[in-house]
Amino acid sequence: MKLPRKLLFWLFFAPVALVLLVQLYFFLQIGWWVHFNPATTSFMRQQRAVLQEKNPDFQLKHKWVPYQQISRNLKRAIIASEDANFSEHEGVDWDALQKAYEKNIRKGKVVSGGSTITQQLAKNLFLSGERSYLRKAQEFVIAYMLEFWMSKERIFEIYLNVVEWGNGVFGAEAAARHYFGTTAANLTASQAARLAVMLPNPRFFDKNRGSAYLTRRAGLILRRMGSAELP
């Protein structure tokens with residue numbers, strides 16, 4: 001028995017068309033952000049909604065600052081900690097993913113993600129923290145879109161201004177003020193190293209600033225910062 005053409009359309013072609021339209025939206029939105037700064041991100045909206053359930057008047061801590069007004073210490077620390085090959089890869093570091101996969105197998109649990117700065121930005125801008133193969137695949141696609149449209153410096157500038165750094169804290173300027181009472185431009189090397197280490201789990205470290213792991217890992221990043229290649 002043959003399916004009616006209309007039913008065939010709704011079952012197969014309509015979902016494909018919807019997926020393509022979503023990809024087109026992502027593609028065009030990223031093109032817009034080449035010259036205009038994003039006012040908010042998916043992660044910001046999600047976190048604001050959660051925090052406003054407890055306090056309707058809550059406002060996120062966030063202030064955009066140009067790339068040149070962010071300390072080179074912080075830039076070097078984040079590259080050393082998060083993505084040493086940032087200036088070389090095209091959005092996804094397949095070698096890092098393979099190493100992360102092997103490490104997770106050895107540990108018997110997920111302890112390393114292998115995501116690049118570009119992938120992290122893709123997730124922050126459009127997606128959620130949900131773990132699934134579908135979300136990861138979409139992250140890859142958006143990462144390549146970002147690399148198609150933007151220079152490495154622009155990708156890094158947006159990342160530094162929108163990444164989550166604590167409970168309701170987003171971006172380098174807000175983080176510098178929240179943790180050290182200074183500006184993003186004036187962060188010292190040791191302060192920058194601590195901020196870089198916080199990134200994989202910022203809400204935890206916001207509540208546990210005296211963590212021995214944080215201090216130990218920051219020391220390691222501090223030693224690696226000199227060899228970090230900036231875009």
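Visitor: Where do R177 and E173 lie?
Guide: R177 and E173 are both in helix α8, four residues apart, about one turn of the helix. Helices here are DSSP runs of H or I with at least four residues, strands are runs of E with at least two, and both are numbered from the N terminus.

Visitor: What do R177 and E173 form?
Guide: A salt bridge, with the closest N and O atoms 2.9 Å apart. The term means a side-chain nitrogen of Lys or Arg within 4 Å of a carboxyl oxygen of Asp or Glu.

Visitor: Before I go on, what sort of model is this?
Guide: It is a predicted model, in which local features need pLDDT of at least 70 and side-chain atom pairs count only at pLDDT 80 or more, while totals for chains, interfaces and linings use all residues. Residues are numbered from 1 along each chain as its sequence is written, and side-chain values use heavy atoms, with hydrogens and water left out.

Visitor: Back to that pair. Is E173 buried or exposed?
Guide: E173 is buried, with a relative accessible area of 4%. R177 has 45% relative accessibility, so R177 counts as partly exposed. Buried means under 20% relative accessible area, exposed means over 50%, and partly exposed is in between (1.4 Å probe, protein chains only).

Visitor: How many salt bridges are there by this rule?
Guide: The count comes to seven.

Visitor: Which residues are linked in a network of salt bridges?
Guide: R135, K136 and E139 are linked that way. E139 meets R135 at 2.5 Å, N to O, and K136 meets E139 at 3.1 Å, N to O.

Visitor: How are those three placed in the helix?
Guide: E139 and R135 are four residues apart in helix α6, so about one helical turn separates them. K136 and E139 are three residues apart in α6, again about one turn.

Visitor: Is E139 buried or exposed?
Guide: E139 counts as buried because its relative accessibility is 1%. R135 also counts as buried, at 12%.

Visitor: What does α6 pack with?
Guide: Helix α6 (residues 133–149) packs with helix α5 (residues 117–126) at an angle of about 110°, and their axes are 8 Å apart. That makes α5 roughly perpendicular to α6, a label for angles of 65 to 115 degrees; under 35 is roughly parallel, over 145 roughly antiparallel, and the rest oblique. The axes are lines fitted to C-alpha atoms, for helices over the stretch in contact, and angles run from 0 to 180 degrees between N-to-C directions.

Visitor: Which residues make that contact?
Guide: On α5 they include L121, L125 and F126, and on α6 they include R135, K136, E139 and L146. Contact means heavy atoms within 4.5 Å. By class, this contact has eight nonpolar, two polar and five charged residues. Ala, Val, Leu, Ile, Met, Phe, Trp, Tyr, Cys and Pro count as nonpolar, Asp, Glu, Lys and Arg as charged, and the others, Gly among them, as polar.

Visitor: How many residues of α5 are buried?
Guide: Nine of the ten, so α5 is largely enclosed by the rest of the structure. Among them are I117, Q120 and N124.

Visitor: What lies in the loop between α5 and α6?
Guide: L127 lies there. With a relative accessibility of 12%, L127 counts as buried. Leaving out residues up to four places away in sequence, L127 touches, among others, S42, F43, Q46, R135 and E139. L127 and Q46 are 81 residues apart in sequence and 9.9 Å apart in space, C-alpha to C-alpha.

Visitor: New topic. How many residues has the largest nonpolar core?
Guide: It has 58, and L74, I78, L146, F156 and W165 have the most contacts inside it. Such a core is a set of buried Ala, Val, Leu, Ile, Met, Phe, Trp, Tyr and Cys residues joined through side-chain atoms within 4.5 Å.

Visitor: What does W165 touch?
Guide: Not counting residues up to four places away in sequence, its contacts include L74, I78, L195 and M198.
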